[in-house]
Amino acid sequence: MAIKVTKTEKKVQYDKKLCRLLDEYSQILIVEADNVGSKQLQDIRKGLRGDSVVLMGKNTMMKRSIRLHAEATGNDSFSKLVPLLVGNVGLIFTKGDLKEVKEEIAKYKVGAPARVGLIAPIDVTVPPGNTGLDPSQTSFFQVLNIPTKINKGTVEITTSVELIKKGEKVGSSEAALLSKLGIRPFSYGLIVTSVYDDGSVFSPEVLDLTEDDVALKFASGVTNLTSLSLAVSYPSLAAAPAMFAASYRNVLSVAVATQYSFPQAEDVKEYLKFAAAMAAPAAPSGGGVAAGGAKEEKKPEPEDESEDDDVGMGGLFD
C-alpha cells in the first residue's frame, strides 16, 4: 500500500527541489503557461530533457522558497526572480544555450479553438471562399454581418472579414462560426517572458540579437557620443579624431594666411605657391589669344577707288 504524502511534506519536497535547482543552474527562463495543457507540458519536458528542467508550481511557494534560499546563501541575486513570478508562470532551469532552448520551446505550440470568453491574442480574419455549409446555416453569417452567397447549394463567403480583434473577448456567435468552419485561430505554448543569467535579468528579445545587430548598435552609440562631444566641446575618446582634425585645419589656416609656419604646414604652403605660380602667366596669355581672335574677326577696310582711277589715267597720258 502506497504511503500518502501530506501537503506539508509535498511543500518541503518542493522547497528542497527548487533550492537544489537554484544552486545547480545559473540560467533560468521565466515562462508564461496560459492555456497550456498537461499533455503539451509533458511533451515540452521530454524535448528539453538532458540539459534543462521545467518546474511549475504556485507563485507563493516559489517566492517563499526563493526568498528563504537567498537569505540562507547570502546570494541576493536570486531575489530578482521574485517580482517576475506574476500570473501563471513557471521556471525552466538550463545549462544549454539560452537561444536554442527558447527556440526548442517555441516548437511545441499547438493550435487551439476560439472558446467563449477567451481574450484573443491575435486578430482573427475569416477568408473568402466556399464554406461547405448548407444554406440553412446562413443565420450565423447574418448575425456577424459577413457577406455571403449561395453557390452550388452551399454558402460561400464573398469577401474576407475581420471577425475578432486582438484583445477582444470571443463571443458565442464567433466561437460557433469558427467551430463550424473548422478554424483553430489561436496557438498556445510556453512563452518566455524574462531571462535570468547568473544574476542578470533581461528581456528575451536580447537572445535574438546577432553579432551584426550588436555591432550596429555599438556604432550608433559611438556616433551619438561623438556628436554630443563636438556640440558641447567636451573631449572624449570617440570625438578625439574629429577634434584633432578641426584643430589642425584651424592652425593650418593661420599658417597659410601669415608668415608663421610649422613642419606639417610646409608641404601645403609649397603646394599653394606652386599653384599660384602656374596660374600667374596664364592670364596675359589668355588675353593675347582673345585679342588675336578679335583681330581675326575684324573685316578689312575697302581701298579708295579714286587712287586707282588716278593711276590709270596717268598711264594713259604717259
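1. Aspartate 43 is partly exposed, with a relative accessible area of 24%, where partly exposed covers the range between buried (under 20% relative accessible area) and exposed (over 50%), computed with a 1.4 Å probe and protein chains only. Its salt-bridge partner is lysine 39, with the closest N and O atoms 3.1 Å apart; a salt bridge here is a side-chain nitrogen of Lys or Arg within 4 Å of a carboxyl oxygen of Asp or Glu. Lysine 39 is exposed at 54%, and both residues lie in helix H2 (residues 38-48), four residues apart, about one turn of the helix.

2. Please keep in mind that this is a predicted model, in which local features need pLDDT of at least 70 and side-chain atom pairs count only at pLDDT 80 or more, whereas totals for chains, interfaces and linings use all residues. Residues are numbered from 1 along each chain as its sequence is written, and side-chain values use heavy atoms, with hydrogens and water left out.

3. The protein has 11 helices and 12 strands, taken as DSSP runs numbered from the N terminus (helices H or I, at least four residues; strands E, at least two). Buried residues make up 28% of the 318 residues, and of the contacts (heavy atoms within 4.5 Å) with a separation of 6 or more, 71% join residues 24 or more positions apart.

4. The count of salt bridges comes to five. In helix H1 (residues 7-24), glutamate 24 and arginine 20 stand four residues apart and meet at 3.5 Å, N to O; glutamate 24 is partly exposed at 38% and arginine 20 is partly exposed at 44%. Arg20, Glu24 and Lys95 are linked in a network of salt bridges.

5. Lysine 102 forms a salt bridge with aspartate 208, the closest N and O atoms being 3.7 Å apart. This pair links distant parts of the chain, with lysine 102 in helix H4 (residues 98-106) and aspartate 208 in the loop between E12 and H7, 106 residues apart. Lysine 102 is partly exposed at 21%, and aspartate 208 is partly exposed at 42%.

6. Valine 206 is placed in the loop between strand E12 (200-202) and helix H7 (211-232) and is partly exposed, with a relative accessible area of 42%.

7. Threonine 94, in strand E3 (residues 89-94), is buried, with a relative accessible area of 1%. Its side chain reaches the backbone nitrogen of glycine 96 at 3.0 Å, and, not counting residues up to four places away in sequence, threonine 94 touches Tyr25, Gln27, Asp51, Ser52 and Val101.

Key
A polar contact is a pair of N or O atoms within 3.5 Å; within protein, one must be able to donate a hydrogen and the other to accept it, and residues adjacent in sequence count only if both atoms are side-chain atoms.
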